[in-house]
Amino acid sequence: MEEKKRTITKVQSSRKAASEAAEEVKATGKKVEGMTKAEEKSKAITLRIVSAILWVLAIGCEVLAMLVILKALRMPGAEKMRIWWIIIFLVADAILCIIAGFLWKKAAHLAPFKKNNKFVFFILTQLGMIMAAVCFLPVIILVLASKEDKLDKKSKIIVTIVAVVLLLITGLLGFDFNPIDADTKAAAENQLGDYKKVYWTRFGHKYHLYEDCQAIKNSTDVSYSEGEEIDGEFVPAVRVAMDNGCTGLCAFCARDAEKEGKELKGVVLEDGTIAEADETANDLTVAPEE
Ligand SMILES: [Zn+2]
């Protein structure tokens, strides 16, 4: 009920803004709404459950493909059709696995895992890629090990190529190239939470603190978020950017923020490294004020 009310007021206010300043909307791009911590968490849980279900279904398709290869499962159609059934099951396997991987990655940006243990963090964050291996390696091994009575030479080559290509595509799409952990996300919210607006481009993986940043100045596809109170919780603009897959701070914007005396310690930069304490900023805080 409360949420409904909120959406309605949001829609009205954004419509008002749109009609009042169409020019401005064009210049600054599309506004993206933020989420409270609780909303992030519950959405992440839902996404993870759906991912798990899709992975189970993907493994189911893999098993069906294996049963057809082993001739333990007879599908309709002549013997010639058998290879097509194998390919259909493998493609379905890949589609389910790719969707699951995307949802899993989305969840990992909404509610990132803690990096207390690097190995566990890697497994959890890169589960999309790992599950791609689970969904394709067994069937590839089975095909390679199968005898002539199960698959003739030509079919064996075709199925192997199809499975390897699908494994590579699925694994690559499941891999998170811009992972984020709970602590660095919190650090960015702490250090940069007072920036009223944060900008990013649709396919970009970095966010910007300044509208006139040279990296986005000429881009026609800029989204932005605004720091605002939602359900009694202040949602910083930078959180929304990170929720939408932008994990690193743009290098130009980092430079300008440091010029303004901003402390960036703990913030992930656009090359994936974590900013160290800025010495000039430290000096300022240490310097006697009188
Ligand atoms: Zn920038």
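K71 counts as partly exposed, because it has 13 C-beta neighbours inside 10 Å. The scale is this: buried takes 20 or more other C-beta atoms within 10 Å of a residue's own, exposed takes 12 or fewer, and partly exposed is in between, with C-beta atoms placed from the backbone. K71 sits in the loop between helix 3 and helix 4. Its phi is positive, about 60°, although K71 is not a glycine.

A word on the model. It is predicted: local features need pLDDT of at least 70, side-chain atom pairs count only at pLDDT 80 or more, and totals for chains, interfaces and linings use all residues. Residues are numbered from 1 along each chain as its sequence is written.

Now the overview. The chain has eleven helices and seven strands. Helices (H or I, at least four residues) and strands (E, at least two) are DSSP runs, numbered from the N terminus. Of the 290 residues in the chain, 32% are buried. Take the contacts with a separation of 6 or more: 70% of them join residues 24 or more positions apart. A contact here means two C-beta atoms, placed from the backbone, within 7 Å.

Next, the cores. A nonpolar core is a set of buried Ala, Val, Leu, Ile, Met, Phe, Trp, Tyr and Cys residues joined through C-beta atoms within 7 Å. The largest has 34 residues. Those with the most contacts inside it are A58, A65, L90, C97, A100 and A163. Which elements give two or more residues to this core? They are helix 3 (37-69), helix 4 (82-110), helix 6 (127-145) and helix 7 (153-174). Helix 4 gives the largest share, 13 residues. Look at A58. Leaving aside neighbours within four places in sequence, A58 touches D93, L96, C97, A100 and C135. There is also a second, separate core of 28 residues, and I180, I216, Y224 and V235 are included in it.

On to helix 6. It has 19 residues and reaches 27 Å from first C-alpha to last. That is close to the expected 27 Å at 1.5 Å a residue; the expected span is 1.5 Å times one less than the number of residues. Where does helix 6 bend? At F136, by about 30°, and a proline, P138, follows within four residues. The bend is the angle between axes fitted to the seven residues ending there and the seven starting there. The buried residues of helix 6 include M131, C135, F136 and V139. Among the elements covering the buried residues are helix 3, helix 4, helix 5 (118-125) and helix 7.

Three strands form an open sheet in the order 1-4-2, with mixed pairing. Strands pair if DSSP finds at least two bridges between them. Strand 1 (30-31) and strand 2 (197-201) are the edges, each pairing on one side only. Strand 2 runs antiparallel to strand 4 (residues 222-226), over five bridges. In strand 4, T201 has V222 as its bridge partner, and W200 has S223. Strand 1 pairs with strand 4 in the parallel sense, over two bridges. There, K31 has Y224 as its bridge partner. Strand 4 is largely enclosed by the rest of the structure, because four of its five residues are buried.

One last loop. D231 lies between strand 5 (228-230) and strand 6 (233-235). Its phi is near 50°, positive in a residue other than glycine. Is D231 buried or exposed? D231 is exposed, with 12 other C-beta atoms within 10 Å.
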